[in-house]
Amino acid sequence: MELDMAADELKSVLNRLRRAQGQLAAVIRMIEEGRDCEDVITQMAAVSRALDRAGFAIIATGLQHCMGDAGSESADRDRMRARLEKLFLSLA
């Protein structure tokens, strides 16, 4: 499955990934500075959520494209469904 996203969808995913990148850099700094464990874990949870949301946005776009191909053969739809399900589960 190719990553075929509209410009606005791509921009949103990239923004989420950049936000996660910044949050991860903050986690690294916090650990290096010996910051409070609770603060570090809270920030790590934010990184995880940002990555999950970016992943779900990518998968949802793939699903949307698949639904647009509703006329394709049943076997193809079943394979695509299985691939998308596996991707969703990989983020769970």
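This note sets out points on the predicted model shown above, from the whole chain down to single residues.

1. Confidence. The model is predicted, and the mean pLDDT over the chain is 81, with 80% of the residues scoring at least 70. Among the elements, α1 has the highest mean pLDDT, 90. The lowest mean, 74, belongs to helix α3, residues 74–91. Remarks on α3 should be read with that value in mind.

2. Overall make-up. The chain holds three helices and zero strands, and its elements follow the order α-α-α from the N terminus. Of its 92 residues, 20% count as buried. The accessible surface of the chain comes to about 6,800 Å², and carbon and sulfur atoms account for 56% of that area.

3. Contacts along the sequence. Taking the contacts between residues at least 6 apart in sequence, 65% join residues at least 24 apart.

4. Geometry of helix α1. This helix covers residues 7–32. Its 26 residues should span 38 Å at 1.5 Å a residue, and the end C-alpha atoms lie 37 Å apart, so the model agrees with expectation. Just after α1, G34 adopts a positive phi of about 75 degrees.

5. Buried positions of α1. The buried residues of this helix are V13, A20, Q23, A26, V27 and M30. In an α-helix there are 3.6 residues a turn, so residues three or four places apart point the same way.

6. Residue Q23. Which residues does Q23 touch, once its neighbours within four places in sequence are left aside? The contacts of Q23 are then with Q43, A46, V47 and A50.

7. A nonpolar surface patch. L10, L14, L17 and L51 together form a nonpolar patch on the surface, with about 290 Å² of accessible area. Helix α1 gives the most to this patch, contributing three residues.

8. Residue L14. Within the patch, L14 is a residue of helix α1. Its relative accessibility is 32%, and L14 therefore counts as partly exposed.

Notes: Residues numbered from 1 in each chain as written. Predicted model: local features only at pLDDT ≥ 70, side-chain atom pairs only at ≥ 80, totals over all residues. Heavy atoms only, no water. Patch = residues over 30% accessible without salt bridge, like charges linked within 9 Å, V, L, I, M, F, W, Y side chains within 5 Å. Areas by Shrake-Rupley, 256 points an atom, 1.4 Å probe, with all protein chains shown as cover. Salt bridge = Lys/Arg side-chain N within 4 Å of Asp/Glu carboxyl O. Helix = DSSP H or I, 4+ residues; strand = E, 2+ residues; numbered from the N terminus. Buried < 20%, exposed > 50% of the residue type's maximum accessible area, 1.4 Å probe, protein only. Contact = heavy atoms within 4.5 Å. Expected span 1.5 Å × (residues − 1). pLDDT = per-residue confidence, 0-100.
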